[in-house]
Amino acid sequence: MTTKYYQGGWFQRESSCSSFRERMWKNLDVKPRKSSKKNKRIGIVNRNESRAIADIDILMQKLHKKYPDADIHLRAIDSEYKLTNSDDSLEAQAKWFADKDLVILAHGAAMSNAVFMRPGSSLLELYPSNYFNDMFWLLMEQCGIHHDWYYDGSNKKKRGKYTEKQARAETDENWKDRMKNKKKDIHFRWKDVDHIIYHLLKESLSKK
C-alpha cells in the first residue's frame, strides 16, 4: 500500500494522525464509543466570549425536536486560551470529543480537538460574516473526519448557499477588518444548518 505524504498541514503522513490519536487515547484512558443509529451523540461547543453561536437555545430546541432519541450535549467555553475548570483539561476534552458522532462548533482553535474524534465521525464548522478561513480543513482530511461548513455571509438572502469562492471573496473585501469580523457572533438559518447536519450524521452512522 502506498503511503500518502502531505507537503503542508498538521501531519506529514496519512497514517500519522491515526497513530497520534491511538497513543493519546491510550495515555488519556479514552475509550471511544462505536457509532449507533439508535443512540446518536451530538456535541455543540459554544464560546461565551467572541464568536458565539447566536440563538443557541433555538439550535438546541430544533435538534431535540429533530432527533428526540439523540444524546445532545452543550459544552460552553469561556476562552480557548484559559483553563478554568476540570472540564477544560486535556483528558476531559479528549473524552468529550471521542464520544460524539457529530460536533458543531465555531471556527477556532477548539477544532484541533478533532484529533481525538473517532475516524468516520463528523464536524460542522461555523463561520461569522466576513471571516472565512480553511486552516483546519486539511486536519479533518488527515484524521478521517467528515467535515462541512456554514458561512454566515453578509448577504442574508444567500446565507447557507455561499460557495467557498464567494466566502473567500467576501472575506478579502473586508480584510482590513478581519480581526474584528472574526469575533462576531454567528447567526444561522435553521433550514440550511438542518440540511448539513442531516447529511453529516448520515455519513457518521453509515457502515463502511
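Predicted model: local features only at pLDDT ≥ 70, side-chain atom pairs only at ≥ 80, totals over all residues.
User: What makes Cys-17 and Cys-143 a disulfide?

Analyst: The sulfur atoms of Cys-17 and Cys-143 lie 2.0 Å apart, and the criterion asks for a pair of cysteine sulfur atoms within 2.5 Å, so the pair qualifies as a disulfide. The structure holds one disulfide.

User: Why is the disulfide of Cys-17 and Cys-143 called right-handed?

Analyst: The torsion about the S-S bond is about 100°, and the disulfide is therefore right-handed. The pair links distant parts of the chain, with Cys-17 in helix 1 (residues 16-27) and Cys-143 in the loop between helix 4 (137-142) and strand 5 (146-151), 126 residues apart. Both cysteines, Cys-17 and Cys-143, are buried.

User: How do you know that the side chains of Asp-194 and Lys-66 make a polar contact?

Analyst: The contact between these two side chains is at 2.7 Å, and the cut-off for a pair of N or O atoms is within 3.5 Å, so the pair of Asp-194 and Lys-66 meets the distance criterion. Leaving aside residues up to four places away in sequence, Asp-194 touches Lys-66 and Tyr-67.

User: Which residues of helix 3 are buried, and what covers them?

Analyst: In helix 3 (residues 90-98), the buried residues include Gln-93, Ala-94, Trp-96, Phe-97 and Ala-98, and among the elements covering the buried residues of this helix are helix 1, strand 1 (41-47), strand 2 (71-77) and strand 3 (102-106).

Key
Residues numbered from 1 in each chain as written. Heavy atoms only, no water. Helix = DSSP H or I, 4+ residues; strand = E, 2+ residues; numbered from the N terminus. Buried < 20%, exposed > 50% of the residue type's maximum accessible area, 1.4 Å probe, protein only. Contact = heavy atoms within 4.5 Å. Polar contact = N/O pair within 3.5 Å; in protein donor to acceptor, adjacent residues only side chain to side chain.
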